Amino acid sequence: MENKSLPPADSYRPRIFAAAIHLLALLTWIIGPLVVMWLSQSDYLKEHARHAANWQLTFGIGMYTAGFFSGIAIIFSDFRPAIWGPIIGLIMLGGTLLFTAVAVVRALQGKVWEYPVAFRIKETTSVSRTF
């Protein structure tokens, strides 16, 4: 992957802010990265926010799928699909914690890291500022 506009090696603030974007995504789901993409002037921070937003969308889809399987089991009293809800949920939760930790470390190193299994829904960092 091509690293666009990396911060200077001696500049630590952009790297800390980039790491904070990934941690912010854990707390605010997709809202935090989208706000950063909208307000930030730095292409480097926008790139990190884009990757975090893509992963959070993937995480949300996975968790809704887990809830769907659990709901089917409750509605139809058939507990065969009930096992898939918690399994998918735990896999998604573990993946989120692991991938976010890796993204934070890579951001602190000044590198952009793409989440490996995330849907690439938001491909560009340009965000319209008009409503």
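Predicted model: local features only at pLDDT ≥ 70, side-chain atom pairs only at ≥ 80, totals over all residues.
Tutor: Residues are numbered from 1 along each chain as its sequence is written, and side-chain values use heavy atoms, with hydrogens and water left out.

Student: What elements does the protein chain have, from the N terminus on?

Tutor: They run α-α-α-α, with 4 helices and 0 strands. Helices (H or I, at least four residues) and strands (E, at least two) are DSSP runs, numbered from the N terminus.

Student: Why is α1 called roughly parallel to α3?

Tutor: The axes of helix α1 (residues 13-28) and helix α3 (residues 43-76) cross at roughly 20° and come within 9 Å. That makes α1 roughly parallel to α3, as angles under 35 degrees count as roughly parallel, over 145 as roughly antiparallel, 65 to 115 as roughly perpendicular and the rest as oblique. Axes are lines fitted to C-alpha atoms, for helices over the stretch in contact, and angles run from 0 to 180 degrees between N-to-C directions.

Student: Which residues of α1 and α3 meet?

Tutor: P14, R15, F17, A18, I21, H22, A25 and L26 in α1 meet Y44, L45, H48, A49, A52 and Q56 in α3. Contact means heavy atoms within 4.5 Å. By class, this contact of α1 with α3 has 10 nonpolar, 3 polar and 1 charged residues. Ala, Val, Leu, Ile, Met, Phe, Trp, Tyr, Cys and Pro count as nonpolar, Asp, Glu, Lys and Arg as charged, and the others, Gly among them, as polar.

Student: What makes W55 and F99 an edge-to-face pair?

Tutor: Their rings are 5.1 Å centre to centre, with 80° between the planes. Rings of Phe, Tyr and Trp (its six-membered ring) pair if their centres lie within 6.5 Å; planes under 30 degrees apart count as stacked, over 60 as edge-to-face and the rest as tilted. W55 lies in helix α3 and F99 in helix α4 (residues 84-108), so the pair ties together parts that are 44 residues apart in sequence.

Student: Why is the pair of W55 and Y115 called stacked?

Tutor: The ring centres of W55 and Y115 are 5.7 Å apart and the planes are at 10°, so the pair is stacked. Y115 is in the segment after α4 and W55 in helix α3, so this pair ties together parts that are 60 residues apart in sequence. W55, F99, W113 and Y115 form one aromatic cluster.

Student: How do you know whether W55 is buried or exposed?

Tutor: W55 has 2% relative accessibility and counts as buried; buried means under 20% relative accessible area, exposed over 50%, partly exposed in between (1.4 Å probe, protein chains only). Y115, at 2% relative accessibility, counts as buried. Of the 131 residues of the protein chain, 39% count as buried.
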